[in-house]
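Hi everyone, thanks for making time.

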Amino acid sequence: MTGYIVRRTLWIIPVLWAIATLTFFLMHAVEGGPFASEKPVPPRIEEALNAKYNLDKSLGEQYVLYFWDLLHLDLGTSFNANQITVRELLAQGLPISIQLGVVAFIYAVVVGGALGVIAALNQNRAGDYLGVFFATIGTAMPNFIMASFLVIIFSVKLGWFAVLGWGGPEWALDDPTTWARNFNPFAWDYTRVVLPVVALGTLAASYIARITRASMLEVLQQDYVRTARAKGLQERHVIARHTLKNAMVPILTVLGPIFVALVTGSFIVERIFAIPGIGRHFVTAIFTRDYGVIMGVTLFYALLVAVANLLIDISYAVVDPRIRYH
Amino acid sequence: MAEAIAANERVTIADMSPRRHRGLWSNAFRRLARNRLALISMGILLAMIVLAILGNYVDWVQRYEPSAQDYSVRRAGPSAEHWFGTDSLGRDNWSRVLQGTWISLRVGLGVQAVVVVIGVLIGGTAALGGRWLDNLMMRLTDLAYAFPDLLFIILLSATFQGRQGMPIIGDPLFQMILAISFVAWVTIARLVRGQMLALSEQDFVTAARATGLPEWRIVFQHMLPNALGPLIVAIVFGIPLAIFAEAVLGFIGIGMPPPTASLGVLVSNGYDEIRTNIWLIVFPAGTIAIMMLCFTFLGDGLRDALDPRARE
């Protein structure tokens, strides 16, 4: 087991290297450079800029220089006028992306789980159809389409929620005194939270609802549930203690991938609602050929995915002793 | 005794008669035909495909040129002249939605065509090419799995763009198909590998080997047809994902070059005018939603029909 964890952890390094290399050459293959905009800068200034950011060197040299800096955890500078480093950019956006991801995750688990349980307990009745309907719509509706409809109905027509922005309280990763603000329910501006969270989390919620329903239905047919009922246990005890607990296992195994998908998939929602998280920077960076930001965001996401997948695989091994690794 | 033999014979004859002997495919077809939701979805999809083709190539269905601007009817709602309304440049939304639908459908099907070739080749090689090749191929799919999907599709599309002059990859539609295929092949490759590994242990494959059939004939005649069911299901489920990816690209502005209207571009344009003219976004967004719903229902139906063991 220990050997497996060590090997899997070390395997992350070549994966990240491969992703970084591919991204590096791909983004340099994109036509145009960071300073070739509609208003071209004077040639002498462009030369000076290129020299400053090593863009006048050959691609091979740039590659070596970038990875040398990367080894020292230096992600470079954004080409934007603000001149902030990519590290700062990620540090600014990350708290917001974390808030969005975590709240969407909670929404997905609570709503998806509840609908799944209700559907299973009312198999082939109204509650079931409600759950299945929700799950189908959620699976088939792309998040930006759902966001559009939500905005039309709840912002434009009803005026309940804001069209743009994010309402989470400000906090900083490097300042633990600000962390408590996240848990203060009055610090949140819910008119700027509900729509992005629903748009982002509904796909995950419907997935959880499907799995919960299927898992509950299977457990409800087990002999020990019949035994529990036969010995006269109250139905709510049968559900809470015997069914739910055992139905949890397949649900738990999908929570990891779902969390990863929510955090890395947020960039469309961030773009639609103009939420200043890290995902939004990626799209902007591609348009402006902001090489450092493209690399930084891609590497960050790739690291997140790799670590999450590792944790998921390890947790499988812990939960299910039948799985053996070699 | 004679009666018993006769009864026995009757049973055998009845067994061999065509009515009793339904193959996998006719069985699957009957199961699919019983699934009303899947059938309706298939009908809607066929209608959309026909409409999309007619709307791109037949004038009286298309009614207006998708890029023709008419400043006298800007930002109009649905009317007898403009069924889906017009945009801020007075372009007819109906013809633009039809154009976008045809693009989405071609991307959805085109990606699957590319992905099946890559996936079957890589998955098959991994399963049948020995341990060393298997390790190599699986590491490759592991790697592709670790990429954040959409980010990579976006980056690839941006790379392909601006290479209009080049042969083959100069076509913007094909660029999009390639970019999406690049991340989508992994699912098929894993599926094919798993199927092939499981099948190569089965008795009928051992029997085929024992008769001295060459390996390629075993693969193509005995194994591939048996892996076809799950493969078809995966392909149908892959179509809405590709349509979604194409729409995202259009939405964030790395899709088909203007004035071509893909559905994602239309949604994005409509989003900018969501306060003044909601019809502009309702029709393209609704079209995407209907397409994705129908393909998902069809996929569900096909999975139940073709792969009864995989039912949840």
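Before we read this along the sequence, one definition: helices here are DSSP runs of H or I with at least four residues, and strands are runs of E with at least two, numbered from the N terminus. Please also keep in mind that this is a predicted model.

With that in hand, let's start with chain A. Its pattern along the sequence reads α-α-α-α-α-α-α-α-α-α-α-α, and the secondary structure comes to 12 helices and 0 strands. If you take the principal axes, the C-alpha atoms of chain A fill a box of roughly 85 × 60 × 40 Å.

Now, how do its helices pack? Let me take one pair, helix α1 (residues 2-29) of chain A and helix α3 (residues 59-71) of chain A. Their axes come within 11 Å and cross at roughly 140°. Angles over 145 would count as roughly antiparallel, so α1(A) is oblique to α3(A). The crossing of α1(A) past α3(A) is right-handed. On the α1(A) side, the residues that meet α3(A) are Trp17(A), Ala20(A), Thr21(A), Phe24(A), Phe25(A) and His28(A); their partners in α3(A) are Leu59(A), Gln62(A), Tyr63(A), Tyr66(A) and Phe67(A). Sorted by class, that contact of α1(A) with α3(A) has 8 nonpolar, 3 polar and no charged residues.

Let's move over to chain B, where I have two pairs for you. Among the contact residues are Met48(B), Ile49(B) and Tyr57(B) from α3(B), and Trp94(B), Trp102(B) and Leu105(B) from α5(B). By class, the contact of α3(B) with α5(B) has 10 nonpolar, 4 polar and no charged residues.

The second pair is helix α9 (residues 203-210) of chain B and helix α10 (residues 215-252) of chain B. They pack at an angle of about 160°, with axes 10 Å apart, and are therefore roughly antiparallel to each other. Their crossing is right-handed. Phe204(B), Val205(B), Ala208(B) and Arg209(B) in α9(B) meet Glu215(B), Ile218(B), His222(B), Met223(B) and Asn226(B) in α10(B). This contact of α9(B) with α10(B) has 5 nonpolar, 2 polar and 2 charged residues.

So what happens where the chains meet? We find 42 residues of chain B in contact with 42 residues of chain A. The area buried between chain B and chain A is about 3,800 Å², and carbon and sulfur atoms give 81% of that. Which residues of chain B lose the most area to chain A? They are Leu151(B), Leu155(B) and Tyr271(B), together 17% of what that side buries.

Last topic, salt bridges. Over all chains the count comes to 6. Across the interface of chain B and chain A, the rule finds 1: Arg210(A) pairs with Asp300(B), with the closest N and O atoms 3.5 Å apart. Within chain A, Arg213(A) forms a salt bridge with Asp128(A), and there the closest N and O atoms are 2.8 Å apart. This pair links distant parts of the chain, 85 residues apart: Arg213(A) sits in helix α7 (residues 194-220) of chain A and Asp128(A) in helix α5 (residues 126-140) of chain A.

Definitions and conventions: Residues numbered from 1 in each chain as written. Chains lettered and ligands numbered in written order. Predicted model: local features only at pLDDT ≥ 70, side-chain atom pairs only at ≥ 80, totals over all residues. Heavy atoms only, no water. Contact = heavy atoms within 4.5 Å. Nonpolar A, V, L, I, M, F, W, Y, C, P; charged D, E, K, R; others polar. Buried area = accessible area lost by both parts, 1.4 Å probe. Salt bridge = Lys/Arg side-chain N within 4 Å of Asp/Glu carboxyl O. Axes fitted to C-alpha atoms, helices over the stretch in contact; angles between N-to-C directions. Parallel < 35°, antiparallel > 145°, perpendicular 65-115°, else oblique. Left-handed = near helix turned anticlockwise from the far one by under 90°.
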